[in-house]
Amino acid sequence: MQKLKVTGGARLVGEVRASGAKNAALPILAASLLTADDLILDNVPLLSDIRTMGSLLEGLGMRVERDGETMVLNAKQLTTTEAPYELVKTMRASIV
């Protein structure tokens, strides 16, 4: 377990940016299929499973736009409900 020990009488000041978590982002990406509205996600990590999930969603007909750590998704025009096995088998999180 990691810990941060602070000693001394000086007050701490500053900011810490929390990075996005793949294990949180993947279920949210899967849930994006449930709305026809634009879904804007920030702080999405730039990882291969996330890219694969984006490709999988695009294969279903979803509009997926990515700008750095921000994704815009829209499932208004889905064309299929069957995910291609060749793509799904490459993901550890394929159960989602």
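User: Which strands form the hairpin, and how many residues lie between them?

Analyst: In this predicted model, strand 2 and strand 3 form a hairpin with 2 residues between them. Gly68 sits in the turn and has a positive phi of about 65 degrees.

User: In what sense do strand 2 and strand 3 pair, and over how many bridges?

Analyst: In a regular strand the side chains alternate between the two faces of the sheet. Here, strand 2 (residues 63-67) pairs with strand 3 in the antiparallel sense, over 5 bridges. Arg63 stands opposite Asn74 in strand 3.

User: Where in the chain is confidence highest, and where is it lowest?

Analyst: Where pLDDT is low, the predicted coordinates should not be read in detail. The chain averages a pLDDT of 90, and 96% of the residues score at least 70. Confidence is highest in strand 3 (residues 70-74), at a mean of 98, and lowest in helix 3 (residues 85-88), at 87.

User: How many salt bridges does the structure hold?

Analyst: Side chains of opposite charge can pair when their charged atoms come close. The structure holds 5 salt bridges. One of them joins Arg17 and Glu69, with the closest N and O atoms 2.8 Å apart. Arg17 lies in the segment before helix 1 and Glu69 in the loop between strand 2 and strand 3, so this pair ties together parts that are 52 residues apart in sequence.

User: Which residue forms a salt bridge with Asp49?

Analyst: Asp49 pairs with Lys22, and their closest N and O atoms are 3.4 Å apart. Since Asp49 belongs to helix 2 (residues 48-59) and Lys22 to helix 1, the pair ties together parts 27 residues apart in sequence. Both partners fall under the 20% cut-off for buried residues: Asp49 has a relative accessibility of 8% and Lys22 of 18%.

User: Which residues form the nonpolar patch on the surface?

Analyst: The patch consists of Leu4, Val6 and Leu12, which together have about 360 Å² of accessible area. Leu12 is in the segment before helix 1 (22-31), and is exposed, with a relative accessible area of 63%.

Technical notes. Residues numbered from 1 in each chain as written. Predicted model: local features only at pLDDT ≥ 70, side-chain atom pairs only at ≥ 80, totals over all residues. Heavy atoms only, no water. pLDDT = per-residue confidence, 0-100. Helix = DSSP H or I, 4+ residues; strand = E, 2+ residues; numbered from the N terminus. Patch = residues over 30% accessible without salt bridge, like charges linked within 9 Å, V, L, I, M, F, W, Y side chains within 5 Å. Areas by Shrake-Rupley, 256 points an atom, 1.4 Å probe, with all protein chains shown as cover. Salt bridge = Lys/Arg side-chain N within 4 Å of Asp/Glu carboxyl O. Buried < 20%, exposed > 50% of the residue type's maximum accessible area, 1.4 Å probe, protein only. Pairing = 2+ DSSP bridges.
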